[in-house]
Every structure is written in structure tokens, then in C-alpha cells.
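Visitor: I would like to learn how to read a chain like this one, feature by feature. Could we start from the overall picture and then move to the details?

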Amino acid sequence: MSQLRVWKRIVGVEHTVITGVDVEGDGLDERVVVRVRPTRSRQGRCSQCGRRCRGYDRGGGRRRWGAVDLGAVIVELEADAPRVRCVAHGVVVAQVPWARAGARFTYAFEDTCAWLAARTAASTVAELLRVTWRTVTGIVERVVADALGGADLLDGVTRVGIDEIAHRKGHRYLTAVTDHDTGRLIWAAPGRDQATVEAFFDALGPARAARITHVSADGAEWIHAAVRAKAPQATVCLDAFHVVQWATKALDQVRRTLGNDLRQAGAHEAAAGLKGSRWALVKNPEDLTPLQRRTLAGLAKTNHGIYRAYLIKEQLRATFAAKGDHGRQLLAGVISWAARSRLEPLVKLARTLKRYKPLIDNTLTHGLSNARSEATNVHLRVLTRRSYGFHSPEALIAMAMLTRGGLCPNLPGRAK
Ligand SMILES: [Zn+2]
């Protein structure tokens with residue numbers, strides 16, 4: 001094998017001819033520069049559509065693309081970047097077989113970057129690949145757009161979940177829309193008000209908005225108002241995980257009030273024990289550790305109020321697992337039980353549940369997959385925390401598509 005063909009294998013490019021290899025710079029700045037050009041059949045094509053075109057001019061002359069490091073050494077590809085005139089896209093830079101349109105990095109580099117970004121901390125990816133986080137999010141957007149191949153995420157959507165997500169330490173909010181059938185995040189925009197939700201329906205357009213059958217959300221009136229205005233035919237359901245969250249919060253309040261009472265009465269040890277019970281109370285029973293099980297059993301014996309609140313929260317959870325008529329019976333039971341509990345936060349919970357009962361009944365009747373929307377919701381919160389923040393909602397959507405939309409590329413040269 002000739003040396004240049006060896007280099008072609010090393011940098012992992014196809015439909016590409018290597019014309020020379022040099023080492024440039026020194027010290028930390030040292031880099032291998034691989035000079036390339038597309039094979040004849042790949043020359044003179046539009047970078048938007050791949051069509052063969054007439055040449056236009058030399059464009060910006062020689063250009064470079066960052067490639068994956070070779071061991072510890074920086075590698076760059078260098079080539080001409082002529083422009084062509086496409087009948088559909090006008091004057092554009094010619095396509096190159098080693099990089100996506102508009103990219104400053106090779107396919108192998110971008111796929112590696114996206115693969116890492118889906119799995120590890122933003123700062124790690126940025127440092128390892130010698131790029132900024134902003135560059136990483138730009139790469140992720142390009143990789144996802146490429147994998148979608150121009151498909152419109154809003155096509156064929158009938159059941160959606162609308163939710164608000166706090167990011168940047170709760171100072172800013174996004175409204176996020178997920179597709180209940182695929183579990184994918186399909187739309188997001190800054191803000192949490194009726195106008196933002198209406199912007200989603202405007203993006204759908206009247207024809208697709210008319211085909212929406214179900215919208216799930218939390219109790220936020222501004223979401224419901226937008227649905228009434230833009231998709232009045234849709235059945236509104238309350239997301240089960242939000243409803244269970246209300247009960248968890250009420251339970252937490254009962255626990256805190258009891259803890260304060262104990263401390264004021266001088267029972268510090270009992271108060272400390274109660275504080276340690278928080279996770280035993282909020283976790284799903286099937287996820288409890290043996291120690292947490294014992295904590296819970298202890299509470300059952302000593303603190304009747306808090307154990308009652310726990311059982312009410314668990315019955316509410318069971319309501320959504322049961323669904324249908326059985327679910328509705330359980331819900332009615334939860335409401336009357338909480339109303340008679342003589343625990344302030346639970347009496348309040350009973351009132352809230354009563355107020356939203358028609359919408360909760362919708363959830364129980366139509367059985368929207370709670371697991372999926374909750375998983376997507378939790379995942380988005382993790383994403384906004386894990387990174388340096390996203391400069392645009394599109395960047396966050398792209399990252400969510402990469403990690404939960406099944407669009408993450410394989411590592412270069414690997415089947416999986
Ligand atoms: Zn074109």
C-alpha cells in the first residue's frame with residue numbers, strides 16, 4: 001500500500017484523494033496537515049442537494065477542516081473550497097466527501113463529538129476535543145439535522161405533552177412539547193405563557209393542529225387557554241407525574257411541620273429521625289433500600305399522620321397505574337380520604353384534585369403514557385443542568401434528539 005493510501009485509512013475518509021502530508025508548527029502547536037481533494041466523481045456538487053453543478057469560482061481558496069487527533073497530535077485536512085452554481089440553491093460552496101455542509105470539522109470528528117456529548121459532561125467533551133461548548137452544540141445540531149434528513153418533527157403528531165422547564169438555575173423557562181407516541185421532544189421555545197404555547201400551534205399550522213387529539217399538561221391555565229384557542233377539539237389531560245408531585249409536596253409539608261413541632265417540644269432525636277425519612281417517603285416503594293423500608297415501618301408505628309399522608313400519596317400513584325373505571329374509583333377514594341385527613345396540606349390537595357378531576361379523569365380514560373413524558377421531562381432537566389447551558393432552544397432540542405431521539409451516530413469505524 002502506498003504511503004498516501006495508508007494516510008487515507010488513518011484519517012478515515014472516503015471518495016477522497018490524498019495529495020500530500022506535512023507537519024507544521026512546533027511544540028504544542030504542532031500539527032499534521034493532510035492535503036486532500038474529492039475523487040473526480042465527487043467534484044463540482046452542490047453542498048445542499050448533492051446535484052452536479054457548473055463551477056462558479058474558487059471561493060475562499062484553500063480551507064482546513066479539523067480531524068480527530070492522531071494519538072496526541074492535532075490533524076487537519078486541507079483542500080480547495082470552490083463554489084458552484086446549483087439550479088436549485090444558487091451559488092454555494094461545493095460539497096466535500098469528508099465533511100458536512102458548513103462544518104469546520106470532518107464527519108469522523110463530528111460523529112465522535114456527538115457520541116461523546118450524548119454520554120459525558122460538556123466540559124470533558126470540550127477539553128478532549130479542543131473546542132468550545134458552543135462548538136459542540138453547533139456540531140450536535142448539524143449531526144441531528146443530517147440524521148433527520150429533512151424530516152419534519154411536527155408531521156403526524158396527534159398526542160402531545162406540553163411542559164415548562166426551568167433552566168439556568170431556574171431564572172429562565174422553556175416551554176417544551178413532546179410527542180406521546182414517540183417520546184421525542186419535538187418543539188421548544190423560551191418563555192412560559194399563552195403566547196409561547198400558541199407559537200407551537202402556529203408552527204403546526206391549522207391543518208396539523210386540527211389533527212391533535214390529546215394534550216397533556218400540568219395545571220397551568222395558560223397552557224389550557226392556548227389549547228382552547230388553537231386546538232379546541234383536543235382532549236386535555238393532566239400529566240400523572242405532575243399530579244403525583246402535588247401529593248409528594250403535600251407529604252413533604254406534613255413531614256416538615258411535624259419535625260418543627262417535635263423540635264419545639266424538645267424531642268430533637270425524633271425530629272432528626274424524621275428528617276432522615278424524607279427519601280423513604282418520596283421514593284416509590286419498589287425502589288426502597290432495606291434501611292428505608294425499616295424507616296417507613298417505624299413511621300407507621302409512631303407517626304400516624306405522616307404515614308397516612310404517605311398512604312394517600314401511594315394510592316394516588318396507584319390510581320394512574322390502574323387507569324379506567326378502577327382508576328376513577330381509586331381517585332374518588334383518595335380525594336375523600338385526603339379531605340378527611342385533618343392534615344392541612346392534604347385537605348388542600350383534596351381541593352386541588354377535586355378542581356382538576358375532569359382533566360384527571362381524561363388522563364385515566366385515555367391512558368396517555370406517563371412513563372414516557374416523565375422520562376423525557378426528567379431527561380431535559382438533567383440536560384440543562386449537565387451542560388454549560390444552551391445558547392438556543394434549538395441546541396437543547398438537538399441534544400435531546402441525540403440522546404433520546406435515537407439519532408446518535410456510531411463512533412467512526414464501529415458498527416455500534
Ligand atoms: Zn443544490
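Visitor: Among contacts in the chain between residues at least 6 apart in sequence, what percentage join residues at least 24 apart?

Guide: Bear in mind throughout that this is a predicted model. Within that set of contacts, 58% join residues at least 24 apart in sequence. As for burial, buried residues account for 37% of the 416 residues in the chain.

Visitor: How many helices and strands does the chain have, and why is it described as more spread out than a compact globule?

Guide: The chain has 16 helices and 12 strands. Its radius of gyration is 28 Å, whereas the globule rule gives 22 Å for 416 residues, and because the former is well over the latter, the chain is more spread out than a compact globule. Taken along the principal axes, the C-alpha atoms fill a box of roughly 80 × 55 × 35 Å.

Visitor: Into which domains is the chain divided, and how many Å apart do their C-alpha centres lie?

Guide: The division gives domain 1, covering residues 1-104, and domain 2, covering residues 240-366. The C-alpha centres of domain 1 and domain 2 are 61 Å apart.

Visitor: Turning to helix packing, at what angle do helix H7 and helix H13 pack, and are they roughly parallel or antiparallel?

Guide: Helix H7 (residues 240-264) packs with helix H13 (residues 344-355) at an angle of about 165°, and their axes are 8 Å apart. An angle over 145 degrees counts as roughly antiparallel, so H7 is roughly antiparallel to H13. The crossing of these two helices, H7 and H13, is right-handed.

Visitor: Which residues in H7 and H13 meet?

Guide: From H7 come Trp246, Ala247, Ala250, Gln253 and Val254, and these meet Pro345, Leu346, Lys348, Leu349 and Thr352 in H13.

Visitor: How should I read the backbone angle phi, and where is His15 placed?

Guide: The general idea is that most residues other than glycine have a negative phi. His15, however, has a positive phi, near 55°, and its place is the loop between helix H1 (3-11) and strand S1 (16-24). Because His15 has 13 C-beta neighbours inside 10 Å, it counts as partly exposed.

Visitor: What is the phi of Arg342, and is Arg342 buried or exposed?

Guide: Arg342 is likewise a residue other than glycine with a positive phi, in this case near 60°. Arg342 is found in the loop between helix H12 (324-339) and H13. With 9 other C-beta atoms within 10 Å, Arg342 is exposed, since the cut-off for that class is 12 or fewer.

Note on methods:
Residues numbered from 1 in each chain as written. Predicted model: local features only at pLDDT ≥ 70, side-chain atom pairs only at ≥ 80, totals over all residues. Domains from an automatic or database assignment. Helix = DSSP H or I, 4+ residues; strand = E, 2+ residues; numbered from the N terminus. Rg over C-alpha atoms; globule rule 2.2 N^0.38 Å. Buried ≥ 20, exposed ≤ 12 C-beta atoms within 10 Å, placed from the backbone. Contact = placed C-beta atoms within 7 Å. Axes fitted to C-alpha atoms, helices over the stretch in contact; angles between N-to-C directions. Parallel < 35°, antiparallel > 145°, perpendicular 65-115°, else oblique. Left-handed = near helix turned anticlockwise from the far one by under 90°.
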